[in-house]
Amino acid sequence: MNELHQINDNLWEIPKSEGMHVPGRIYASKSLMRKIHQGESLKQVANVAHLPGIINFSLAMPDIHWGYGFPIGGVAATDAVSGVISPGGVGYDINCGVRLLRTSLSADFIRPKIKDLVTALFQAVPSGVGSHGAIRKLSRHDVKTVLLKGAGWAIENGFGEAETLDFIEDNGCLINADPDVISERAYQRGMPQLGTLGSGNHFIEISKISDIYDKSIANRLGLIKDNIVLFVHTGSRGLGYQVCDDFIKVTMQATRKYGINVPDRQLACAPLESREGRDYLGAMRATANFAFANRQVISALVESAMLKSLSMNPNDLGMRLIWDIAHNIAKIETHNIDGKDRKVCVHRKGATRAFGPGRPELPPIYRDIGQPVLIPGDMGTESYLAVGTPKAMLETFGSSCHGAGRVLSRTQAKKQSRGRNLFGELAKAGIFVMAEGKSTMAEEMPDAYKDVTEVVNTMHNAGITKKVVRFTPMGVVKG
Amino acid sequence: MKPFYHEFEQTSDLGIEVSGLSLKNLFENAVYSLFDLMVDGKNISEKNHRKIELKADNRELLLRELLSELLYLFQTKYFVVSRINITDLDDKFLTAEIYGEIPESEKYSIKREIKAITYHQLNISQTKTGYVARFVMDI
């Protein structure tokens, strides 16, 4: 890998070297780059540049950290005809993503009730790890329908209202999903898990709107200072992990079969035009639909639990979906490249779509402001909402960061947390947490993550996304 | 039984190094370490018994297949392994008898969810005292 050089305050480049088809480009402030440089993720950015059909740059967002093949925070677009698709560019948790729900309630109203509310949410939404879900176990046929209809299945089955679909990326359903290439094992893992949160870094968070940077956009979104919102962060659960596992095997064979040279076996890939490539794309779309449905079901469970806990009616709660975003996904999109519209496969792994104003994919109500971009911090720290910009379309295939990114390994985090009462520390900061998995708290402690504010500011200063709102946590449910 | 394993540094996930006096012992210890990482269980009985047969292209991939198979059984059937006896093992094929149960919720709690056994740093090597294996799990 060639020496890194700085292009401007927020952008760095790894020049092309042997095997790389394109340079690498990393969005990072100087201080974030000091941390990034200490790990292996830059090498991964260079490795991704070896993928056949990759266009312009192997990109990385400021929350970049090491992943399998692709770094987390990596974005790569390949030609939709002559390029490849790689499961490593999506991740195990296909369509892991976040949704933001606004309410009409103030933080002052919720504060004295936060423990009861978090407890109610903890009980209403199971982690689904070693336990059953809150909704009935689905039949195999049900799962197939979910894989085809996505969030639409949830609406048809009484989990929310139809107008919600306008505020989900791709209306909560990727077309040309192919449930028939999904293994029986994946179906078996998916059947009991719809409506479950999972564990690790998945969460439900009650947050206060603390700062508004763009009043006009915040007003358009119905976000009022000192009111509360909810974040739901989860993905496709065991079904997704199994699909990824299955297709890593398939693409490892395909990489050999089609004579593709990649420097890391975890960059296993298949030509998009091959049967293996088409099968993975179809399976990934179907799995993404499961995740959209999962977040829709969980939102309905959350709303129901809040109405009961607060003895309130839906009008008073005023819960409404602002946006649902995917941050582990690959999409076929049309982008203007060198003056021509071109179909590309955009891999976003730990990165989000951040389309600027004017894109037809956005609902009419957001088309002039740009797509909302949700950037949750880790447990106990702030989160942000931003919007996509025209510069994102020019530089990053309309992509941005997804969160804070880890700096400590889980073992380091556990070591540093020894002797500390993390629940107590967060409570002192006014944050009430309930977590199901015993190891989760230590592994997910705030010190384990980068500073999300610095990550968000980097993308803002680079002109890729525009900050709109900052949220601070009040209560967290972790699986 | 205390599994012979420890965690190694891995930024985003869980890296495990496990040892064994023989290859058979190594594979069995890897299974015990998997369940020790996932589950806090008391007195898990051996009342249910299954036989499994697996194949793969080499011994590392075979180890990954074994761990993935038992992870799948735990995630879909809530089957907790108490004891495993590998009856046949070469570089590409294994058979094993597994003993455990689907415990009542009072008998165990979940420590963490494991999404998958990855290919990253997957390695088995011989040492002076036996064998050591490394694998990384996505959590």
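**Ground rules.** This is a predicted model, where local features need pLDDT of at least 70 and side-chain atom pairs count only at pLDDT 80 or more, while totals for chains, interfaces and linings use all residues. Residues are numbered from 1 along each chain as its sequence is written, chains are lettered from A and ligands numbered from 1 in the order in which they are written, and side-chain values use heavy atoms, with hydrogens and water left out.

**Chain B, fold.** I counted 2 helices and 10 strands (DSSP runs: H or I of at least four residues for helices, E of at least two for strands, numbered from the N terminus). Along the sequence, chain B reads β-β-α-β-β-α-β-β-β-β-β-β. Its radius of gyration, taken over C-alpha atoms, is 14 Å, close to the 14 Å from the globule rule (2.2 Å times the number of residues to the power 0.38) for 139 residues, so chain B is as compact as a globular protein of that length. I boxed its C-alpha atoms along the principal axes and got roughly 40 × 35 × 25 Å.

**Chain B, burial.** Of its 139 residues, 60% are buried, meaning under 20% relative accessible area (1.4 Å probe, protein chains only).

**Helix α9 of chain A.** I found 21 residues here, 237-257, reaching 30 Å from first C-alpha to last, close to the 30 Å expected (1.5 Å times one less than the number of residues). In α9(A), 15 of the 21 residues are buried. Just after α9(A), I noted a positive phi of about 65° at Gly259(A).

Notes
Buried means under 20% relative accessible area, exposed over 50%, partly exposed in between (1.4 Å probe, protein chains only).
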